[in-house]
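Please look through the sequence and the model shown here, and then follow the explanation below, which goes from the loops to the packing of the helices.

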Amino acid sequence: MKSDIQQSVDWFMHLITIVPTDPGILSQIGAIYDQDSDRSQAFQYFLESHKYFPSDISTISWLGAFYIDGQFHEKAIQYFERASLIEPQEVKWQLMIASCYRRSGNYQQSLATYKKDSHEIP
C-alpha cells in the first residue's frame with residue numbers, strides 16, 4: 001500500500017514539473033498526502049492549489065477544516081466566508097462560520113450569525 005502511494009506521488013511530481021501551476025494536480029497531491037496522514041504536506045499542496053484556483057470549493061473546504069483542526073478558527077472563518085460567497089444558497093458555510101465564532105469564544109457574533117441564517121434560510 002505504501003509503495004502505491006509513493007508511486008502515485010512520484011507520478012504527480014513528474015506531472016507537476018510539466019505543469020507546475022495546475023491546481024487540480026496540486027490538490028490531488030494534497031489529497032494523497034492527506035490520505036497518507038501527512039497533514040503538513042497536504043496543507044502545502046492544498047494551499048498552493050488555492051493560490052492558483054481560489055474558487056475551488058473542495059480545496060476551500062479542506063483548508064477550512066484544517067484550520068479548525070489546528071484551533072485557528074479565525075483563519076477558518078475566512079475560508080468559509082469565501083465558500084459562502086461562491087455558494088450563497090449552501091447553508092453549511094454559514095453554519096461553519098457560526099460554529100467557528102462559537103469555538104473561538106465569540107458567542108455574540110456566533111449568535112448573530114445563527115439568527116441571521118435562521119431568518120434568511122428557513
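Gln-71 lies in the loop between H4 and H5, and in this predicted model its phi is near 65°, a positive value in a residue other than glycine. Because its relative accessibility is 56%, and exposed means over 50%, Gln-71 counts as exposed.

The largest nonpolar core has 28 residues, and among them Trp-62 and Phe-80 touch the most other members. Helices H1 (2-18), H2 (23-35), H3 (39-52), H4, H5 (73-86) and H6 each give two or more residues to this core, with H4 giving the most, at 7 residues. If neighbours within four places in sequence are left aside, Phe-80 is in contact with Ser-61, Gly-64, Ala-65, Ile-68, Trp-93, Met-96, Ile-97 and Cys-100.

Finally, consider how two of the helices pack together. Helix H4 (residues 57-69) and helix H6 (residues 91-103) have axes 12 Å apart and pack at an angle of about 15°, which means that H4 is roughly parallel to H6. The crossing of these two helices, H4 and H6, is left-handed. On the H4 side the contact is made by Ile-57, Ser-61 and Ile-68, while H6 brings Trp-93, Met-96, Cys-100 and Arg-103.

Key. Residues numbered from 1 in each chain as written. Predicted model: local features only at pLDDT ≥ 70, side-chain atom pairs only at ≥ 80, totals over all residues. Heavy atoms only, no water. Axes fitted to C-alpha atoms, helices over the stretch in contact; angles between N-to-C directions. Helix = DSSP H or I, 4+ residues; strand = E, 2+ residues; numbered from the N terminus. Parallel < 35°, antiparallel > 145°, perpendicular 65-115°, else oblique. Left-handed = near helix turned anticlockwise from the far one by under 90°. Contact = heavy atoms within 4.5 Å. Core = buried A, V, L, I, M, F, W, Y, C linked by side-chain atoms within 4.5 Å. Buried < 20%, exposed > 50% of the residue type's maximum accessible area, 1.4 Å probe, protein only.
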